[in-house]
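Welcome! Please have the model open and follow along.

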Amino acid sequence: MSTSTDAMPRPARSGWLTPRRAKAILKRVVLYLLLAIVAFFFAGPLYILLSTSFKTMPEIQAGGLMFLPHEPTAQAWVTAWGEACIGITCGGLKGYFGNSMMMAVPAVLISVMIGAINGYALAKWPFPGARFVFAALVAGNFVPFQVVLAPVSVTLRTLGLFGSVEGLILIHVIYGIPITTMLFRNFFLSVPNDLIKAARIDGAGFFWIFFRIVLPLSPSVIVVALILQFTGIWNDFLFAVSFSNPSSAPMTVALNNLVNSNFGVKEYNVHMAATVIAAAPTLILYILLGRYFLRGMTAGAVKG
Amino acid sequence: MIDIRISNCNKNYGSLRVLKDINLEIERGEFIVLLGPSGCGKSTLLHIVAGLDRLSSGAIEIGGRDVTDVEPKDRDIAMVFQSYALYPTMSVRSNMEFGLRMRGKPMAEIRPLVEDKARMLHIDHLLDRRPSQLSGGQRQRVAIGRALVRDPKVFLFDEPLSNLDAKLRASMRTEIKKLHQSLGTTAIYVTHDQLEAMTLATRMVVMKAGEIQQVGKPEEVYHRPVNLFVADFLGNPGMNFMKGRLRLEGGRVSADVGAATIPLDGYAFDTSPTDGQAVMVGLRPESVQPSTGGEPFALTLKPTLIEHTGSDNLVVLAMGSEEIVGKFPSDMLPKLGEPVAVGFDLSRLSVFDAQTERRI
């Protein structure tokens with residue numbers, strides 16, 4: 001009996017766990033572990049924000065930050081939106097949300113439009129000094145906000161726009177032009193010059209070529225510019241707190257005033273709800289346009 | 001009647017002189033081909049005629065009107081590009097309509113025009129497609145159609161066939177020739193392909209380093225090149241050159257090329273030859289043929305290499321220390337190393353001064 005088994009050659013270790021396979025699995029495990037940690041890092045705060053915003057104050061004071069609410073209630077949201085006291089008025093965030101929209105939407109549209117036209121002119125209609133203009137615009141990206149606070153404040157006062165939504169729109173448009181111009185100019189460089197030439201011979205002018213031929217080729221870069229600008233302008237705090245007054249303050253300023261007020265009990269559930277409201281527009285924009293964003297960021301990298 | 005007049009045209013990019021004092025007059029209905037190696041300025045010249053590039057000095061006239069400072073759209077020209085340059089986001093129909101719509105022609109007139117030209121170019125079934133859904137040949141047809149519907153005074157072609165494969169290129173070449181014969185519109189065509197130049201041109205312009213070398217009918221440029229560059233640039237395989245010296249004896253001129261003395265009695269000199277003048281004697285391979293016994297000038301030469309092209313045999317023959325190429329019929333296959341009698345067609349000779357490189 002034993003002799004026969006000895007005679008049979010043992011099959012080589014052909015089990016499913018070869019060293020090579022084990023290594024691959026280990027790699028996978030490490031990868032997923034890292035991804036899970038990163039996901040937790042970003043999703044954790046969002047979870048706490050959301051779950052706390054649906055709790056009542058007694059439940060919050062009882063502790064248990066990580067638990068889901070026992071009796072979910074939307075009361076904190078109602079308060080944050082319409083009743084919370086910010087400064088001396090108690091009308092909630094809704095007015096400031098409106099301010100932010102009134103500021104961000106025109107500022108984004110105007111800065112993206114101007115950036116697109118600038119980028120198109122710089123990339124496709126070379127004029128003497130174009131390189132210098134572009135270099136100056138690029139340098140504009142690196143001017144720190146703090147440096148310009150005082151001059152801008154004087155300028156806005158002179159223009160009579162200090163403390164108004166229009167003033168904020170103006171400064172955000174000006175500050176957005178360098179980055180949008182750079183973005184569009186670099187994208188438009190990849191548009192073949194022959195297209196422009198053919199259109200010129202066909203009788204189209206500067207703006208016709210721009211709207212009929214160049215822009216239809218650029219949805220991805222437009223989305224990138226829109227997202228970048230909207231996120232930047234919506235989340236801006238420094239310009240907002242420097243150049244607005246209580247009636248024109250955007251969300252970021254209102255949220256800060258709400259959360260940092262020193263009166264009475266800190267209503268964490270209201271603060272959390274308010275924070276989610278403040279973050280919602282940029283989140284929604286990413287969710288809706290995120291795939292175009294990713295496509296836009298890599299466009300031109302692969303296509304030869 | 002002169003349709004296009006280019007006078008003293010210069011183009012500089014900084015210190016780089018791309019075009020040097022170009023003068024050219026083009027008659028109505030001509031098909032002019034600008035030919036030259038890359039970087040010779042032929043495309044720049046075309047772009048200047050189109051108005052896409054500004055000239056540094058000089059003037060351009062189209063149809064008797066000075067258009068030097070006129071925008072491309074107001075020059076009454078249409079252009080076909082190597083890259084096709086079709087508007088990617090528009091259908092074929094919109095591409096062809098674009099130029100006419102820009103000119104404010106009513107849609108009711110545009111539609112039949114576009115459909116007519118599309119039928120003519122056999123692209124009427126593609127009208128609702130996007131350029132990205134077309135093959136290279138179809139795209140170039142659309143590009144030509146887009147130029148045709150405008151019915152311009154002048155067609156400009158910027159290497160339109162260079163992106164196509166060899167077979168398609170040949171058939172498109174024939175079609176462009178037919179189109180020109182039926183329309184009779186003046187055309188300027190840029191190419192680096194000498195076969196395109198020879199077959200399409202009513203007159204060709206050979207350029208080098210921003211200067212016009214020679215202007216003439218294709219056969220004239222081919223058989224009577226004005227200098228060594230033109231002689232060498234045209235023809236495949238290239239012209240044979242034999243270094244030598246002229247000899248004047250008793251009113252008769254001959255060229256001593258070392259291995260032989262070639263009589264130049266029948267040669268029409270442009271300038272009077274001098275005794276001992278250093279020259280290059282040029283003869284195209286098709287003028288070097290197996291001897292039939294009747295030629296006034298024949299040599300016995302040793303073949304050192306034979307290339308079969310199918311239609312001909314290219315035979316490399318040792319001639320002293322140099323080699324010349326003969327184009328033999330495919331049924332004439334000499335043996336390597338065995339001397340053959342080779343006849344020279346001396347009526348096709350070109351003689352150049354070795355210093356100036358000009359035809360004498």
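This is a predicted model: local features need pLDDT of at least 70, side-chain atom pairs count only at pLDDT 80 or more; totals for chains, interfaces and linings use all residues.

Let us begin with the largest cavity, whose volume is about 80 Å³. Around the largest cavity you will find Phe31(B), Ile144(B), Leu148(B), Phe155(B), Phe157(B), Ile176(B), Leu179(B), His180(B), Leu183(B), Thr185(B) and Ala187(B). Sorted by class, nine of the lining residues are nonpolar, two are polar and none is charged. Three elements of chain B each supply at least two lining residues: helix H4 (136-149), strand E7 (154-158) and helix H5 (166-183). H5(B) gives the most, with four residues.

From chain A, its lining takes Ala198(A), Ile201(A) and Asp202(A). From chain B come Ala78(B), Met79(B), Phe81(B), Ala143(B), Arg146(B), Ala147(B) and Arg150(B). Two or more lining residues are given by each of H9 of chain A, strand E6 (77-80) of chain B and H4 of chain B. The lining of the second largest cavity counts seven nonpolar and three charged residues, with no polar ones.

## An open pocket

Next, look for the second largest pocket, with a volume of about 590 Å³. It is lined by 25 residues, and those nearest its centre are Trp125(A), Pro126(A), Arg200(A), Leu52(B) and Asp53(B). In the lining of this pocket, 13 residues are nonpolar, four are polar and eight are charged.

Which helices supply at least two residues each to the lining of the second largest pocket? They are H5 (94-124) and H9 (193-202) of chain A, together with H1 (42-50) of chain B. The largest share, four residues, comes from H9(A).

## H9 and H10 of chain A

H9(A) also packs with helix H10 (residues 206-214) of chain A, at an angle of about 125° and with the axes 11 Å apart. The two helices are therefore oblique to each other. Their crossing is right-handed.

Where do they touch? Leu195(A), Ile196(A), Ala199(A) and Arg200(A) on the H9(A) side meet Ile209(A), Ile213(A) and Val214(A) on the H10(A) side. This contact has six nonpolar residues, no polar residues and one charged residue. Arg200(A), part of this contact, is also one of the residues nearest the centre of the second largest pocket.

## H2 and H3 of chain B

Now turn to chain B, where helix H2 (residues 92-102) packs with helix H3 (residues 107-120) at an angle of about 130°, their axes lying 10 Å apart. That angle makes H2(B) oblique to H3(B). H2(B) and H3(B) cross in a right-handed way.

H2(B) brings Arg93(B), Met96(B), Glu97(B), Leu100(B) and Arg101(B) to the contact. H3(B) meets them with Met107(B), Ile110(B), Arg111(B), Leu113(B), Val114(B), Glu115(B), Lys117(B) and Ala118(B). Seven residues of the contact between H2(B) and H3(B) are nonpolar, six are charged and none is polar.

Definitions and conventions: Residues are numbered from 1 along each chain as its sequence is written. Chains are lettered from A and ligands numbered from 1 in the order in which they are written. Side-chain values use heavy atoms; hydrogens and water are left out. Axes are lines fitted to C-alpha atoms, for helices over the stretch in contact, and angles run from 0 to 180 degrees between N-to-C directions. Angles under 35 degrees count as roughly parallel, over 145 as roughly antiparallel, 65 to 115 as roughly perpendicular and the rest as oblique. A crossing is left-handed if the near helix is turned anticlockwise from the far one by less than a right angle, and right-handed if clockwise. Contact means heavy atoms within 4.5 Å. Ala, Val, Leu, Ile, Met, Phe, Trp, Tyr, Cys and Pro count as nonpolar, Asp, Glu, Lys and Arg as charged, and the others, Gly among them, as polar. On a 1 Å grid over the protein atoms alone, a cavity is a set of points where a 1.4 Å probe fits but cannot get out, and a pocket is an open set with protein on both sides within 12 Å along at least five of seven lines; lining residues have an atom within 4 Å of a point. Grid points are joined across faces, edges and corners, and a volume is the space filled by probe spheres set on the points.
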